[in-house]
Amino acid sequence: LVKSGDILIARVGSRVLGRTILYAGTDAILSDCVFCLRINDPALRDYIFQAWEKDKAQWLDYYATGTCAKHISLENFKSYIRIKLRKYFSSDTKFG
């Protein structure tokens, strides 16, 4: 289920690939065409959301694959998130 505060990222579809929202609705069922990030720490959630918004165009150019419908692989996306988490927890980013 999707919950309010989750980050939703379209993982497939040439016209919507990478489209991202911070979900603010009631609990809902999620399509398998969307990645859902549930981050309880508001500062970390904002950091990941803002980093993705800044990085996504260039990242998608490099990592999105597919001939008819472009898509993001879970492994590549997890690698992106891991890098951002390491950066967040190893720097003063979390302190402003």
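D27 is partly exposed, with a relative accessible area of 45%. On this scale, buried means under 20% relative accessible area, exposed means over 50%, and partly exposed lies in between (1.4 Å probe, protein chains only). The structure is a predicted model, in which local features need pLDDT of at least 70 and side-chain atom pairs count only at pLDDT 80 or more, while totals for chains, interfaces and linings use all residues. Residues are numbered from 1 along each chain as its sequence is written, and side-chain values use heavy atoms, with hydrogens and water left out.

D27 forms a salt bridge with K3. The closest N and O atoms of this pair are 3.0 Å apart. A salt bridge here is a side-chain nitrogen of Lys or Arg within 4 Å of a carboxyl oxygen of Asp or Glu. K3 lies in the segment before β1 (7–10), and D27 lies in the loop between β2 (20–22) and β3 (34–37), so the pair ties together parts that are 24 residues apart in sequence. Helices (H or I, at least four residues) and strands (E, at least two) are DSSP runs, numbered from the N terminus. K3 is partly exposed, because its relative accessibility is 33%.

By the salt-bridge rule, the count comes to six. Another of these pairs is E75 with K78. Their closest N and O atoms are 3.4 Å apart. E75 and K78 are three residues apart in helix α2, so about one helical turn separates them. E75 has a relative accessible area of 49% and is therefore partly exposed. K78 is also partly exposed, at 30% relative accessibility. Elsewhere, salt bridges that share partners join K54, D55 and K84 into one network.

K84 is found in helix α2 (residues 74–89). Its salt bridge is with D55, and the closest N and O atoms are 3.0 Å apart. This pair links distant parts of the chain: K84 is in helix α2, D55 is in helix α1 (residues 42–63), and 29 residues separate them. Both K84 and D55 are buried. For K84, the relative accessible area is 13%, so this lysine counts as buried. Contact means heavy atoms within 4.5 Å. Leaving aside neighbours within four places in sequence, K84 is in contact with Y47, I48, A51 and D55. The C-alpha atoms of K84 and A51 are separated by 7.8 Å, although the two residues are 33 apart along the chain.

The two helices were examined next. Two packed helices are described by the angle between their axes and the distance between the axes. Axes are lines fitted to C-alpha atoms, for helices over the stretch in contact, and angles run from 0 to 180 degrees between N-to-C directions. α1 and α2 pack at an angle of about 135°, with their axes 10 Å apart. That makes α1 oblique to α2. Angles under 35 degrees count as roughly parallel, over 145 as roughly antiparallel, 65 to 115 as roughly perpendicular, and the rest as oblique. α1 passes α2 in a right-handed crossing. A crossing is right-handed if the near helix is turned clockwise from the far one by less than a right angle, and left-handed if anticlockwise.

On the α1 side, the residues that meet α2 include A43, L44, Y47, W52, D55, W59 and Y63. On the α2 side, they include N76, F77, Y80, K84, L85, K87 and F89. The residues of this contact divide into 14 nonpolar, one polar and three charged. Ala, Val, Leu, Ile, Met, Phe, Trp, Tyr, Cys and Pro count as nonpolar, Asp, Glu, Lys and Arg as charged, and the others, Gly among them, as polar.

V34 lies in strand β3. At 24% relative accessibility, V34 is partly exposed. Not counting residues up to four places away in sequence, V34 touches L8, I9, A10 and R11. V34 and I9 are 25 residues apart along the chain, and their C-alpha atoms are separated by 5.4 Å.

A28 is found in the loop between β2 and β3. A28 counts as partly exposed, because its relative accessibility is 24%. With residues up to four places away in sequence not counted, A28 touches L1, V2 and Y23. The C-alpha atoms of A28 and W59 are separated by 28 Å, and these residues are 31 apart along the chain.
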